[in-house]
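Let's take a walk through this structure together. Have the sequence and the 3D view handy as you read.

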Protein chains: 4
Amino acid sequence: MSSSAHSSALIEQISNYMNTQIPFQQLLGLRITEFASERSEVRFHWKNELVGNTPQRILHGGVTATALDTVGGTVILASVIERLADSTPTEEIIQRMSRVGTIDLRVDYLRPGRGDEFICTATIIRSGNKVAVARMEMHNQDGIMIAFGTGTYMVG
Amino acid sequence: MSSSAHSSALIEQISNYMNTQIPFQQLLGLRITEFASERSEVRFHWKNELVGNTPQRILHGGVTATALDTVGGTVILASVIERLADSTPTEEIIQRMSRVGTIDLRVDYLRPGRGDEFICTATIIRSGNKVAVARMEMHNQDGIMIAFGTGTYMVG
Amino acid sequence: MSSSAHSSALIEQISNYMNTQIPFQQLLGLRITEFASERSEVRFHWKNELVGNTPQRILHGGVTATALDTVGGTVILASVIERLADSTPTEEIIQRMSRVGTIDLRVDYLRPGRGDEFICTATIIRSGNKVAVARMEMHNQDGIMIAFGTGTYMVG
Amino acid sequence: MSSSAHSSALIEQISNYMNTQIPFQQLLGLRITEFASERSEVRFHWKNELVGNTPQRILHGGVTATALDTVGGTVILASVIERLADSTPTEEIIQRMSRVGTIDLRVDYLRPGRGDEFICTATIIRSGNKVAVARMEMHNQDGIMIAFGTGTYMVG
């Protein structure tokens with residue numbers, strides 16, 4: 001199997017794992033819809049259980065923080081996999097992935113969390129052997145930017 | 001009814017409301033256990049649905065962010081109520097409360113989210129007519145500090 | 001004088017003021033080179049006095065934070081002026097401007113602060129009557145992104 | 001020389017270095033007055049050159065950010081030195097120290113920067129082999145808290 005095929009297969013496998021085996025993502029209905037180091041994407045649909053402000057029917061800020069943290073972690077994981085896939089046994093990649101974790105997260109709440117579907121995207125702005133930084137955005141289906149985030153992640 | 005009795009009754013009423021009528025807090029099992037401007041507290045128990053890292057059985061970072069945002073919002077709401085209760089009709093207080101919202105939030109993930117019960121506390125470090133800032137901490141039942149947060153909130 | 005001419009003249013006047021009458025900006029050599037709500041820019045040249053890491057000759061992180069806070073404040077001020085210029089007496093605009101202030105600032109240090117000239121840019125991601133949020137970047141003359149920032153500002 | 005004496009001598013030496021050989025700290029007049037992993041302190045006096053808001057005579061926000069970043073970096077450096085001093089040659093400690101750097105910084109501006117002397121303190125809230133997090137405060141000589149900060153630092 002060629003190296004990029006190895007990377008793709010692994011990305012596919014991890015993506016399936018994350019979409020089915022992480023309880024809190026399941027609870028919220030978050031799905032990874034793009035999983036690459038250049039850009040990752042997480043989507044979810046409105047559900048009444050996600051409301052924080054009942055009279056105004058707005059998403060809880062914690063839902064937004066969860067979605068941004070998830071998409072930021074996804075883009076970082078993708079970069080770890082892509083970097084290692086050519087040269088590293090799968091077990092060691094899994095090992096490295098288990099050490100990826102959020103160090104700190106900033107969320108800017110720009111507009112009320114209203115919509116039918118929410119699309120969260122992330123890109124990497126600092127990439128390193130030990131620490132990486134991602135920049136995240138959340139829009140609704142009409143392209144309204146609802147929140148912006150910055151996350152610092154441990155990678156090694 | 002004396003003014004402080006008015007404030008206490010209102011605090012009690014709002015606290016009940018928040019503990020029963022906010023879907024996302026219900027979903028996670030968050031309960032407000034102290035509701036005062038000097039210090040507020042939110043608690044929740046471990047549940048398997050809250051896991052983010054399955055092999056290591058660690059809370060999802062979004063759970064931590066939700067709990068810190070909730071306790072920060074609680075201490076800010078308490079200060080709005082306490083300030084207005086003596087001189088303002090209840091309807092106007094409710095009106096003011098509906099305008100309280102998170103502007104931005106920083107979470108520092110200090111240690112893995114492991115434990116049976118999680119205790120989140122908040123104090124106010126900037127108090128103003130338009131904007132207020134709270135400082136939050138999350139410990140587990142053994143007193144281990146798991147996360148630290150800072151939140152800026154719109155209040156008026 | 002037409003309304004947009006009024007706005008331009010005021011922008012010019014404020015820009016001159018900020019480039020000559022703010023001691024700490026003078027000390028560092030910061031110059032506002034674009035002053036508009038759509039995008040503002042601040043530039044400065046390398047000076048030995050700005051070093052924080054002497055053996056490696058890298059800018060002090062405080063210089064970067066100062067430049068990002070300055071360009072973020074500039075884009076916010078420009079939006080206040082542009083919004084008010086048509087309908088508001090200059091004295092009141094000046095009054096409003098004096099109330100603009102940084103509530104909180106996050107700086108992400110992405111790469112070592114090395115270069116001959118540093119170009120800082122800002123755009124607004126949340127615009128409001130009371131609070132606004134700006135997103136800032138600092139590059140050197142070769143287009144290397146050195147830092148990224150997010151600032152929340154009081155505007156009213 | 002005993003190990004703790006080694007650590008103390010090194011701390012003394014580094015402290016002198018930082019107080020005399022870092023140009024931007026000299027420019028602002030920042031002095032390290034406590035240098036220990038348990039708690040570090042940096043002080044500076046009011047100078048007209050540090051003003052950001054001329055009519056109101058308030059410190060530039062960049063001065064506050066610089067002072068908080070400096071005291072945060074100091075407490076982190078002290079912890080690196082204390083941990084290594086017993087077992088590591090001085091050259092290697094110096095080597096390790098040169099790799100300490102700020103990853104990200106949050107500053108909360110709580111009250112206007114007015115006073116004769118400013119006292120900045122820092123403690124460590126996350127201590128690790130690769131990444132550490134410090135919490136900082138700035139008060140004036142009357143005990144008024146002017147700003148609060150959180151910094152994430154690379155340590156290894």
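Residues are numbered from 1 along each chain as its sequence is written, while chains are lettered from A and ligands numbered from 1 in the order in which they are written. Keep in mind that this is a predicted model, where local features need pLDDT of at least 70 and side-chain atom pairs count only at pLDDT 80 or more, though totals for chains, interfaces and linings use all residues.

Begin with chains C and D. Their contact takes 31 residues from chain D and 31 residues from chain C; two residues are in contact if their C-beta atoms, placed from the backbone, lie within 7 Å. On the chain D side, the elements giving two or more residues are helix H2 (23-28), strand S3 (51-53), H3 and S5 of chain D. Helices here are DSSP runs of H or I with at least four residues, and strands are runs of E with at least two, numbered from the N terminus. S5(D) supplies the largest share, 9 residues. By type, that side divides into 13 nonpolar, 13 polar and 5 charged residues. Ala, Val, Leu, Ile, Met, Phe, Trp, Tyr, Cys and Pro count as nonpolar, Asp, Glu, Lys and Arg as charged, and the others, Gly among them, as polar.

How do the two copies relate? Chain D can be laid on chain C with an RMSD of 0.0 Å by a turn of 180° and a shift of 0.0 Å along the axis, so the two copies are related as by a two-fold rotation axis. The superposition is by least squares on the C-alpha atoms of residues with pLDDT of at least 70 in both. Of chain D's residues, Arg106(D) comes closest to that axis, at 2.2 Å (C-alpha). And because 100% of the interface residues of chain D are also interface residues in chain C, the copies meet through the same surface.

Now for the strands. S5(C) and S5(D) pair in the antiparallel sense over 5 bridges, with Leu105(C) opposite Val107(D); strands pair if DSSP finds at least two bridges between them. Zoom out and you'll find an open sheet of 12 strands, in the order S1(C)-S2(C)-S6(C)-S7(C)-S8(C)-S5(C)-S5(D)-S8(D)-S7(D)-S6(D)-S2(D)-S1(D), with antiparallel pairing. Its edge strands are S1 (31-34) of chain C and S1 (31-34) of chain D.

Finally, helix H3 (residues 61-84) of chain C lies across strands that include S5 of chain D, running at about 45° to S6(C). Such angles run from 0 to 180 degrees between N-to-C directions, with axes as lines fitted to C-alpha atoms, for helices over the stretch in contact.
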